[in-house]
Amino acid sequence: PFDYDGRRLLWVDFITQTERHIFIFNLEKKEVEFDRTLDPSFGHISHMFFLPDNKLFLVKNYNICEIVQIKDKNNFETLFTFGHIGEEAIATNYFIDPEKKTTYIITLDIDGNVVTVTIEKAIKEVTGEEVELMASRKN
C-alpha cells in the first residue's frame with residue numbers, strides 16, 4: 001500500500017516476514033518525516049492513504065478500517081476503528097464535500113458491498129469532543 005499527496009510519499013516497507021515499517025518521505029525536503037516500526041501483532045495493511053490534518057486511513061487484516069493521527073516522527077494514535085466492514089476490502093477512497101465540511105470514506109468489499117462512512121468533526125482534534133460517526137452499507 002502507498003499514497004502520494006503531491007509532496008509526500010507514504011508506503012509500508014516489508015523488511016522481513018515479521019518486520020514492517022510505515023514510512024512518509026517528503027520529496028520537497030528530501031527527508032523521512034515518519035518511520036513507524038509495526039509490531040507483528042499489528043496485522044497486515046492492505047490499503048493506506050493520507051487524510052487531512054496529518055492523519056492516515058488504513059485497512060488492516062483485510063477488513064478493519066482505522067483513522068490514525070500522526071503524533072511525532074515515530075508514533076501514531078488510533079482515533080477511529082470502523083470494525084469489520086465485510087469479507088475483505090478491495091478498494092477504498094475518500095472525498096471531502098467542502099460545502100457540508102464532511103469527509104466521506106468509501107470502501108468496497110470483495111462481495112460487492114459498498115460501505116460509506118461519513119465523519120463529521122473527525123478531521124479535527126477529538127480529545128474531549130463529541131464525534132458523529134455514521135456508517136451505511138449498500139449491496
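A contact means heavy atoms within 4.5 Å. On that basis, residues 24 or more positions apart account for 32% of the contacts in the protein with a separation of 6 or more. This is a predicted model, in which local features need pLDDT of at least 70 and side-chain atom pairs count only at pLDDT 80 or more, while totals for chains, interfaces and linings use all residues. Residues are numbered from 1 along each chain as its sequence is written, and side-chain values use heavy atoms, with hydrogens and water left out.

**Overall make-up**

- The protein has zero helices and twelve strands; helices (H or I, at least four residues) and strands (E, at least two) are DSSP runs numbered from the N terminus.
- Of its 139 residues, 42% count as buried, where buried means under 20% relative accessible area, exposed over 50%, and partly exposed in between (1.4 Å probe, protein chains only).
- The accessible surface comes to about 8,000 Å², and 50% of it belongs to carbon and sulfur atoms; these areas come from the Shrake-Rupley method with a 1.4 Å probe, and for residues only the protein chains shown count as cover.

- An open sheet of four strands has the order 1-2-3-4 with antiparallel pairing; two strands pair if DSSP finds at least two bridges between them.
- Strand 1 (2-4) and strand 4 are at the edges with a single partner strand each, so one side of each has no neighbour in the sheet.
- From one strand to the next, the twist averages 15°, based on axes that are lines fitted to C-alpha atoms (for helices over the stretch in contact), with angles from 0 to 180 degrees between N-to-C directions.
- Strand 2 and strand 3 run antiparallel and are joined by seven bridges; V12 stands opposite I22 in strand 3.
- Strand 5 pairs with strand 6 in the antiparallel sense over six bridges, and H47 has V59 of strand 6 as its bridge partner.

**Nonpolar cores**

- A nonpolar core is a set of buried Ala, Val, Leu, Ile, Met, Phe, Trp, Tyr and Cys residues joined through side-chain atoms within 4.5 Å.
- The largest one has 15 residues, and those with the most contacts inside it are L10, I22, I24, I45, M48, L56 and F76.
- At least two residues of this core come from each of strand 2 (8-14), strand 3 (20-26), strand 4 (31-38), strand 5 (45-51), strand 6 (55-60) and strand 7 (64-70).
- Strand 5 gives the most to this core, three residues, and six of the seven residues of strand 5 are buried.
- Leaving out residues up to four places away in sequence, M48 touches P1, F2, D3, L10, W11, V12, I22, F57 and L58.
- A second, separate core of eleven residues includes F57, V59, F80 and I105.

**Salt bridges**

- The whole structure has four salt bridges, each a side-chain nitrogen of Lys or Arg within 4 Å of a carboxyl oxygen of Asp or Glu.
- R8 meets D5 in one of them (2.7 Å, N to O); R8 is buried at 7% relative accessibility, whereas D5 is partly exposed at 33%.
- E33 and R8 form another (4.0 Å, N to O).
- E33 lies in strand 4 and R8 in strand 2, so this pair ties together parts 25 residues apart in sequence.
- Through shared partners, D5, R8 and E33 join into one network.
- K71 forms a salt bridge with E77, with the closest N and O atoms 3.2 Å apart; E77 is partly exposed, at 37% relative accessible area.
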